[in-house]
Amino acid sequence: MRQMAAPSGRSPRPGPAVKGRNKAGGESRPMPITRPRSYAAIDLGTNNCRLLIARPQNGELVVIDAFSRIVRLGEGLHGSGKISEAAMDRTVAALSICADKLRRRHVSLSRAVATEACRRANNGEELAERVRRETGIVLDIISAAEEARLAVLGCHNLMEPGEGPALIFDIGGGSTELMHVDVSDHDVKIHDWISVPWGVVSLTEHAPLPEDSLAGRQAAYAHMREVTREAFAAFAGRAERFAGQKLRLLGTSGTVTTLASVFLDLPRYDRRAVDGLVVPSDAMRDISRRLADASIADRAEIACIGRERADLVVAGCAILESIIDLWPAVRVGVADRGIREGILRTLAMQGRDIPVTRREYRK
């Protein structure tokens, strides 16, 4: 794991000195102001660039700043094998904002990770070098196994309580991870996992939805479902041993939070309403199929989807349905947390500010 002090690679500047007087009335030695330790996590995905900054308080990590921007890093990657110059420009612009926030918040320990788009692209390291040169942020292009581990660490405390087998999934822009886990109040163990190279961006580019025909959209959606079903086949075979048991299912991704927002009919996205929510699986399937049938213009009119997600949400729906097929839980838990929170927890452990992981599942 790579540790960073400040985005420039230099230690944060010390705060201004405070002068006082000693008992003899003379000027005392300046005493530095000590700021609370703060941590930062950056997750550069195939579609989004996200930042969280937090500091420990009363045994927990409290978020003090956040940033998120859709950068579409993986746009066109499926066909070209390269990250485009335009995508690099968008990404560097977003990470420059992140670097400024890290400086202003005097972050003492941080980690920035890049996932599937940079793993797959033949110029991923070129992007990482440009980011380091122009923003000072050192990008760690992590493996799929590390991505799965961080996602689990970040959201496992939202798993529905119970004794049944538990699955956490992360539908990203360029890949999807499934993790069979054993969750306790304060820890989690991964028993089995898989990562497949299909996320909302890569699957949309592989099977674009036609706009001129409902039948064409339904055929494209069926193809998406078949592609993901085949990709998950090996994991699905291993999951058959849980048939008949009471399964638990938790998802972390823009797909599940978006569908949960549609389920609640929210006028705008509200993390407080969505994070920790549990939605019937049948309702998730119904919403998925309605969105797959709708035109992109109609999807864009839905308040919690909008123009930025209208073209990608259907691929997420196809992946989600395939996950429910292989892990037929009655309900789907929803987590608006994941890799960034996993990074923050790891950094806090390194900084000896180990937060209490409280169970936050709610009905």
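Predicted model: local features only at pLDDT ≥ 70, side-chain atom pairs only at ≥ 80, totals over all residues.
Let's start with the open sheet, which is built from five strands in the order 5-4-3-6-7, with mixed pairing. Its edges are strand 5 (60-70) and strand 7 (139-141), and each of these pairs on one side only. Going from one strand to the next, the twist averages 20 degrees.

At one end of that order, strand 4 (residues 48-57) runs antiparallel to its partner, strand 5, and the two share ten bridges. Asn48, for instance, sits opposite Ile70 in strand 5. There's a helix to spot here too: helix 4 (residues 124-135) lies across strand 3 (39-44) and strand 7, and it runs at about 165 degrees to strand 7.

## Strand 8, tucked away

Now look at strand 8 (residues 166-171). Six of its six residues are buried, so the strand is largely enclosed by the rest of the structure. Ala166, Ile168 and Asp170 point one way, while Leu167, Phe169 and Ile171 point the other way, and all are buried.

Strand 8 has a partner in strand 9 (residues 176-183), paired in the antiparallel sense over six bridges. Together they make a hairpin, with four residues between the two strands. In this pairing, Ile171 has Thr176 of strand 9 as its bridge partner. Strand 8 also pairs with strand 11 (residues 248-252), this time in the parallel sense and over four bridges. Here Ile168 is bridged to Leu250 in strand 11.

## Two helices crossing

How do helix 7 and helix 11 pack? Helix 7 (residues 214-231) and helix 11 (residues 281-293) meet at an angle of about 130 degrees, and their axes are 8 Å apart. The two helices are therefore oblique to each other.

On the helix 7 side, the contact involves Leu214, Arg217, Gln218, Tyr221 and Arg225; on the helix 11 side, it's Arg285, Ser288, Ala292 and Asp293. Sorted by type, the residues of this contact come out as three nonpolar, two polar and four charged.

## A closer look at Thr204

Last stop: Thr204, which you'll find in helix 6 (residues 200-206). Is Thr204 buried or exposed? Its relative accessibility is 15%, and because buried means under 20%, Thr204 counts as buried.

Which residues does Thr204 touch, leaving aside its neighbours within four places in sequence? Its contacts are Gly199, Met224, Asp311, Leu312 and Ala315. One of these, Met224, falls within helix 7 (residues 214-231).

Terms used
Residues numbered from 1 in each chain as written. Heavy atoms only, no water. Buried < 20%, exposed > 50% of the residue type's maximum accessible area, 1.4 Å probe, protein only. Contact = heavy atoms within 4.5 Å. Axes fitted to C-alpha atoms, helices over the stretch in contact; angles between N-to-C directions. Parallel < 35°, antiparallel > 145°, perpendicular 65-115°, else oblique. Nonpolar A, V, L, I, M, F, W, Y, C, P; charged D, E, K, R; others polar. Pairing = 2+ DSSP bridges.
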